[in-house]
Amino acid sequence: MNTEANIRHSWAEPYKIKMVELLTMTTIEERERAIREAGYNTFLIRSRDVYIDLLTDSGTGAMSDRQWAGLMMGDEAYSGSENFYHLYDVVREYYGYKYFVPTHQGRGAEHLVSSIMIKPGDCVPGNMYFTTTRLHQELAGGTFVDVIIDEAHDPASSHPFKGNVDIRKLDRLVQEIGAERVPYISLEGNVNMAGGQPFSMANLRELRSYCQERNIPIMLDATRTIENAWFIREREEGYSGKTVREILREICDLTDGCTMSAKKDALVNIGGFFACNDEQLFLKAQNLVVVYEGLHTYGGMAGRDMEAMAQGIREAVMEEHQAARIGQVRYLGEQLQAAGIPIVRPIGSHAIFLDAREFLPHVDQDDYPAQALAAELYLEAGIRTMERGNVSAGRDPETGENRRPALELVRLTLPRRVYTQAHMDVVAESVKAVYDRRHEIRGLKMVYEPEYLRFFQARFEPL
Ligand code: P61
């Protein structure tokens with residue numbers, strides 16, 4: 001463990017800036033035009049029209065000089081690239097799984113796992129849905145069942161481990177349908193849709209023994225599990241003396257395999273993988289990857305991307321990196337809390353989530369308050385955020401109605417190693433300015449709705 005990082009009280013960055021990317025400043029007239037042309041959907045705004053881009057932390061991080069150097073070491077052989085072996089070694093060392101299949105990004109790995117493990121009619125329990133994960137489970141004929149603890153659906157609850165699985169809910173499902181219809185449990189670290197909320201090691205241990213008795217594998221969504229490990233160290237008894245690296249390994253050792261979007265924790269712009277301990281499962285995934293992604297030694301990535309990822313994982317487990325990462329998110333969140341702005345508590349690792357129900361109580365959920373609020377934040381200062389509410393949740397396949405989830409949120413997601421403290425101040429000032437004029441904000445009407453993952457491409461008009 002780096003003791004320097006522990007004695008330092010500030011979260012200051014453990015790096016300095018070598019190259020910068022110029023940003024565009026826009027006028028309010030330009031932003032009005034841009035958001036109208038984007039159908040009031042922040043996904044459809046051109047990035048040249050954005051000043052501070054908090055849409056996502058996915059693939060938007062800044063790579064280190066060592067990662068850029070790694071790009072030059074790309075071995076672009078169709079088969080057996082050196083970079084594949086470097087990455088495999090790093091995944092084995094840090095995550096610990098025996099077998100590894102690279103994919104182009106997270107959903108590529110989800111596609112493999114879902115189509116191999118799920119049979120039509122199965123139920124896949126998980127600690128809250130994620131959009132792409134659930135869609136792949138449904139496309140394979142399964143039904144996702146939410147078994148996260150109730151606190152996760154309450155933005156005001158400050159439970160330290162809102163990502164925990166409610167074992168009683170899981171057991172109710174298993175009793176009802178039988179363990180043979182539960183192909184695996186889908187366990188996400190730092191649950192994205194709940195506000196970036198961790199599970200505890202105690203909960204994972206309990207889940208592990210429950211699943212072992214019934215022969216149900218645990219498939220980890222490892223996308224932000226290094227950040228989850230940080231919270232375990234900070235909050236869970238017995239872990240303050242362990243390193244993030246040790247805790248990550250302990251988590252993975254309690255699970256049977258993982259899907260990974262390397263665009264988050266692993267500090268790269270593109271990439272993902274599937275990893276597991278079961279040889280038969282691995283052989284199926286290794287075979288299927290050649291159908292959809294690419295050969296099993298690149299899975300849709302360039303050799304250079306795999307090299308950058310191997311280095312990114314080494315940097316991601318560094319204590320000082322996580323201290324700065326999580327410190328910056330907290331810096332922003334605490335400013336908003338001090339101004340009385342309703343946000344999901346506790347502050348998570350990758351984003352601040354505005355509670356749009358509290359922010360805009362006068363807007364009905366079917367008039368998409370979080371979508372409207374994201375559009376207003378863009379208009380205010382060119383800050384791009386993401387809706388995570390009724391639009392993202394989509395329609396219930398049975399009833400065709402909007403799902404109207406308990407959480408109606410706007411996500412202000414911080415890319416890793418990209419923005420400065422002064423940028424955070426601008427964001428806080430802008431959210432406050434929108435909060436001051438919240439009574440004037442109206443909802444939106446959806447005028448175009450695509451079939452899959454509608455939030456990416458849907459279009460809206462002001463009511
Ligand atoms: C994000 F609006 N996340 O948070 P892929 N699991 C988890 C993720 O967070 C994740 C994936 C799997 C994104 C990108 C994104 O509804 C959306 O590499 C916990 O993106 O395929 C991705 O990994 C999928 C944004 C994805 C969305 C889906 O911004």
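This note walks through selected features of a predicted model, point by point.

1. **Aromatic pairs.** Start with the rings. The structure contains 14 aromatic pairs. One of them joins F43 and F456: their ring centres are 4.9 Å apart and their planes meet at 80°, so this pair is edge-to-face. The two residues come from distant parts of the chain, 413 residues apart. F43 is in the loop between α2 (28-37) and β1 (52-53). F456 is in the loop between β13 (444-448) and β14 (459-462). How accessible is F456? F456 has a relative accessible area of 25%, so it is partly exposed.

2. Y368 and F460 have ring centres 5.7 Å apart. Their planes stand at 70°, over the 60 degrees that edge-to-face requires, so this pair too gets that label. Again the pair links distant parts of the chain, here 92 residues apart. Y368 sits in the loop between α14 (356-359) and α15 (369-381), while F460 belongs to strand β14. Are these two residues buried or exposed? Y368 has 5% relative accessibility and counts as buried. F460, at 2%, also counts as buried, because the limit is 20%.

3. **An aromatic cluster.** Which residues form one aromatic cluster? They are F84, Y85, Y88, Y95, F100 and F273.

4. **Charges over rings.** Two arginines deserve a look. The charged end of R388 sits over the ring of F455, at 4.9 Å from the ring centre. R438 lies over the face of Y435, and here the distance to the ring centre is 3.9 Å.

5. Strand β8 covers residues 272-276. It is mostly covered, with 5 of its 5 residues buried. G272, F274 and C276 point one way from the strand. F273 and A275 point the other way. F273 is also a member of the aromatic cluster. Which strands join β8? Strand β2 (residues 99-103) runs antiparallel to β8 and is joined to it by 5 bridges. Within that pairing, F100 has A275 as its bridge partner.

6. **The largest pocket.** Now for the open space. The volume of the largest pocket is about 1500 Å³. How many residues line it? The lining has 37 residues, and M19, A62, M63, R417 and V418 lie nearest the pocket centre. Helices α3 (65-72) and α13 (319-338) each supply at least two residues of the lining. α3 gives the most, with 3 residues. By class, the lining holds 16 nonpolar, 11 polar and 10 charged residues.

7. **Helix α6.** This helix spans residues 131-139 and is mostly covered, with 7 of its 9 residues buried. The buried residues are T131, T132, T133, R134, L135, H136 and Q137. Just after the helix, G141 takes a positive phi of about 100°.

8. **Backbone points to check.** Most residues other than glycine have a negative phi, and most peptide bonds are trans. A few sites here depart from that pattern. The peptide bond from R345 to P346 is cis, with omega near -15°. P346 is in the loop between α13 and β9 (351-355).

9. **M128.** Its phi is near 80°, a positive value in a residue other than glycine. M128 is found in the loop between β3 (123-126) and α6. Is M128 buried or exposed? With a relative accessible area of 7%, under the 20% limit, M128 is buried.

10. **L267.** Phi of L267 is near 65°, again positive in a residue other than glycine. L267 has a relative accessible area of 2%, so it is buried.

Notes: Residues are numbered from 1 along each chain as its sequence is written. This is a predicted model: local features need pLDDT of at least 70, side-chain atom pairs count only at pLDDT 80 or more; totals for chains, interfaces and linings use all residues. Side-chain values use heavy atoms; hydrogens and water are left out. Rings of Phe, Tyr and Trp (its six-membered ring) pair if their centres lie within 6.5 Å; planes under 30 degrees apart count as stacked, over 60 as edge-to-face and the rest as tilted. Helices (H or I, at least four residues) and strands (E, at least two) are DSSP runs, numbered from the N terminus. Buried means under 20% relative accessible area, exposed over 50%, partly exposed in between (1.4 Å probe, protein chains only). A charge sits over a ring if NZ of Lys or CZ of Arg is within 6 Å of the ring centre and within 35 degrees of the ring normal. Two strands pair if DSSP finds at least two bridges between them. On a 1 Å grid over the protein atoms alone, a cavity is a set of points where a 1.4 Å probe fits but cannot get out, and a pocket is an open set with protein on both sides within 12 Å along at least five of seven lines; lining residues have an atom within 4 Å of a point. Grid points are joined across faces, edges and corners, and a volume is the space filled by probe spheres set on the points. Ala, Val, Leu, Ile, Met, Phe, Trp, Tyr, Cys and Pro count as nonpolar, Asp, Glu, Lys and Arg as charged, and the others, Gly among them, as polar.
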